[in-house]
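The following exercises are to be worked with the sequence and the structure in view. Each task is followed by a solution in steps.

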Amino acid sequence: MASASGTDRAGVTVSDDDSVTVRVIEPAIAFTKVALDNDVLPGAPVDFQFTITNPGNDPLSGITVTDSQCAPAYQSGDTNTDNLLDPGETWIYGCTTNPLDDTLNVAEVSAFGSLGKEWTAGDSAYVNVLNPRLTLGKEADT
């Protein structure tokens with residue numbers, strides 16, 4: 001709010017005031033990744049789910065999810081189909097891979113706020129690949 005006052009040549013005091021509201025933009029992005037099965041046999045499929053939320057107050061655009069083991073694909077969440085991760089929205093991505101060994105799977109999401117700044121977040125999930133061994137032996141005669 002601003003106020004101003006002054007006296008004109010006739011000695012009359014005049015004044016005025018005005019106000020303006022400034023919206024502070026606070027972009028934010030949150031990201032979690034989970035393996036839907038943490039213990040698998042070698043080569044068995046493992047589904048990963050990625051959850052992306054916007055806890056800020058600025059819609060985010062250009063959502064890109066990358067993963068070290070598979071190609072994440074959008075599944076759901078854009079409730080108003082505007083291609084913006086709006087404040088309060090939760091988007092779900094998923095992908096599948098077939099690990100042969102224990103794997104730490106790393107992923108990242110990036111997006112842009114309305115002023116063009118890029119925002120990123122990352123997470124990882126560990127998959128334990130079981131390697132059962134079958135040992136055959138001959139039972140001793142007694």
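The model is predicted.

**Exercise 1.** Determine where valine 24 lies and whether valine 24 is buried or exposed.

*Solution.* Begin with the position: valine 24 belongs to the loop between E2 and strand E3 (30-35). Next, consider its relative accessibility, which is 54%. The cut-off for an exposed residue is over 50%, so valine 24 counts as exposed.

**Exercise 2.** Describe how strand E1 (residues 2-7) is paired, and state how many of its 6 residues are buried.

*Solution.* First, identify the partner: E1 pairs with strand E2 (residues 13-18) in the antiparallel sense, over 6 bridges. Within this pair, alanine 2 is opposite aspartate 18 of E2. Lastly, count the buried residues of E1: the number is 0, so the strand lies largely in the open.

**Exercise 3.** Which residues have the most contacts inside the largest nonpolar core?

*Solution.* The core has 23 residues, and Phe48, Ile52 and Ile63 have the most contacts inside it. Among the elements that give two or more residues to this core are E3, strand E5 (46-53) and strand E6 (61-67). Now take phenylalanine 48: leaving aside neighbours within four places in sequence, its contacts include Val34, Ala35, Tyr93, Cys95 and Val127.

Note on methods
Residues numbered from 1 in each chain as written. Predicted model: local features only at pLDDT ≥ 70, side-chain atom pairs only at ≥ 80, totals over all residues. Heavy atoms only, no water. Buried < 20%, exposed > 50% of the residue type's maximum accessible area, 1.4 Å probe, protein only. Helix = DSSP H or I, 4+ residues; strand = E, 2+ residues; numbered from the N terminus. Pairing = 2+ DSSP bridges. Core = buried A, V, L, I, M, F, W, Y, C linked by side-chain atoms within 4.5 Å. Contact = heavy atoms within 4.5 Å.
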